[in-house]
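Subject: Structure for your review

Dear colleague,

Please find below the structure that I am handing over to you. I would be grateful if you could read the notes under it with the structure open.

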Amino acid sequence: MRIEEEVKLDFKDVLFRPKRSTLGSRAKVELKRSYRYRHSGRSSESVPIIAANMDTVGTFEMAAALARHDMHVALHKHYRVEDYVAFFHEDNRARHRNAFYSLGITEPDLAKFNAVRAATGDAIEFVCIDVANGYTETFLDFVKRFREAHPNITLMAGNVVTADITEALILAGADIVKVGIGPGSVCTTRKMTGVGYPQLSAIIECADAAHGLGGHICGDGGCTVPGDVAKGFGGGADFMMLGGMLAAHDESGGEVVERDGRTYRRFYGMSSDVAMEKYAGGVAKYRASEGKEVLLEARGPVDHTAQEILGGVRSTCTYVGARTLKALSKCTTFVRVTQQINEVYGRSV
Ligand code: 5GP
């Protein structure tokens, strides 16, 4: 047994140190980023925030709404083939241009992808290969084989939290490594297994490893407020993926529940009992659920939330003197803190 003594950080452990700047207005801050991907050779220009591939977040409706902000969606993997085909066939490329097709590493997942791909030609630009534990040889092999079969697809793969495996995934064919084990709002991995890594440090360390090889990373999970999204970017994330912050909107999917005159939406982890009952016919005997279900008050159209998130990140940039999101990490000095927010009045009305 070994203990690593170095302190690792979560979003809640730091704040940005404000810096003098000559920036006029936050409206002038450019949030779009242009990337060229190591393996696919493709380029993209977008606001690099991705709605998570959960069936109560990453929907077709969410893709359409976030496309208006140049943001991304990772579609959940439970639509039918014909639905994906219709989506990626849409004449309006603007709607699906930023969408990631997500899959796991099972044979049925791959067969489904191949069927959609065969029917839609080159329409799918981004793919997300997603497993709970990205440390297995099976996963690395799958990424390698997928890359060989699809040299021109921009491939995101995860999840992992350390530099060594980030490098291995990039060398195996991933363009973007997805980073995060256990920080999610409806994730119970840390409770059930005791496994995890503080999310901001995971982002900082994996970004450093990826950037050295010309790869990119996506910080996935653990953002609760726009400031956390900014901290991820400040720590070096090229993309940030959000679940809970984009859940419970009109576009999020998730069953609507009326209770005591209030409207709620169900939001649950993709490894929760609910999800496994729905899609896998129950929790297999050898495993435990690693996600939970919550009821969130319905939040209306996602447009307003998207604007709040983008407004928050723009404002961070002005506080530290970054004219562009690209400059944010270079302008970032984090200060370690023991208190984040003054909670004396609880929630505002
Ligand atoms: P959030 O933004 O809600 O904090 O985190 C979203 C992320 O949580 C997702 O992108 C995914 O990586 C992770 N996640 C979603 N469902 C589950 C689950 O059931 N179990 C675990 N361990 N993680 C989940």
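This is a predicted model: local features need pLDDT of at least 70, side-chain atom pairs count only at pLDDT 80 or more; totals for chains, interfaces and linings use all residues.

Ligand site

The ligand is surrounded by 20 residues. Ser185, Thr189, Asp220, Ser271 and Glu290 are the closest of them. Sorted by class, this shell holds twelve polar, six nonpolar and two charged residues.

The side chain of Asp220 places an N or O atom 2.6 Å from an oxygen atom of the ligand. Thr189 has a polar side-chain atom 2.7 Å from a nitrogen atom of the ligand. At Met270 the backbone is involved: one of its N or O atoms lies 2.9 Å from a nitrogen atom of the ligand. On its own, the ligand has 520 Å² of accessible area, and the protein covers 90% of that area.

Helix 6 and helix 8

Helix 6 spans residues 163-172 and helix 8 spans residues 199-212; their axes come within 8 Å and cross at roughly 35°. The crossing of these two helices is right-handed. On the side of helix 6, the contact is made by Ala163, Thr166, Glu167 and Ile170. Helix 8 contributes Glu205, Cys206, Ala209 and Ala210. Taken by class, the residues of this contact comprise five nonpolar, two charged and one polar.

Backbone features

Most peptide bonds are trans, and most residues other than glycine have a negative phi.

The peptide bond that joins Gly158 and Asn159 is cis, with omega at about 15°. Asn159 belongs to strand 8, which covers residues 154-160.

Asp70 is not a glycine, yet its phi is positive, near 65°. This residue sits in the loop that runs between helix 1 (60-67) and strand 5 (72-74).

Asp260 also has a positive phi, near 50°, and is likewise a residue other than glycine. Its place is in the loop between strand 12 (256-259) and strand 13 (262-268).

With kind regards

Definitions and conventions. Residues are numbered from 1 along each chain as its sequence is written. Side-chain values use heavy atoms; hydrogens and water are left out. Axes are lines fitted to C-alpha atoms, for helices over the stretch in contact, and angles run from 0 to 180 degrees between N-to-C directions. Helices (H or I, at least four residues) and strands (E, at least two) are DSSP runs, numbered from the N terminus. A crossing is left-handed if the near helix is turned anticlockwise from the far one by less than a right angle, and right-handed if clockwise. Contact means heavy atoms within 4.5 Å. Ala, Val, Leu, Ile, Met, Phe, Trp, Tyr, Cys and Pro count as nonpolar, Asp, Glu, Lys and Arg as charged, and the others, Gly among them, as polar. A residue is near a molecule or strand if one of its heavy atoms lies within 4 Å of it. A polar contact is a pair of N or O atoms within 3.5 Å; within protein, one must be able to donate a hydrogen and the other to accept it, and residues adjacent in sequence count only if both atoms are side-chain atoms. Accessible areas come from the Shrake-Rupley method with a 1.4 Å probe; for residues, only the protein chains shown count as cover.
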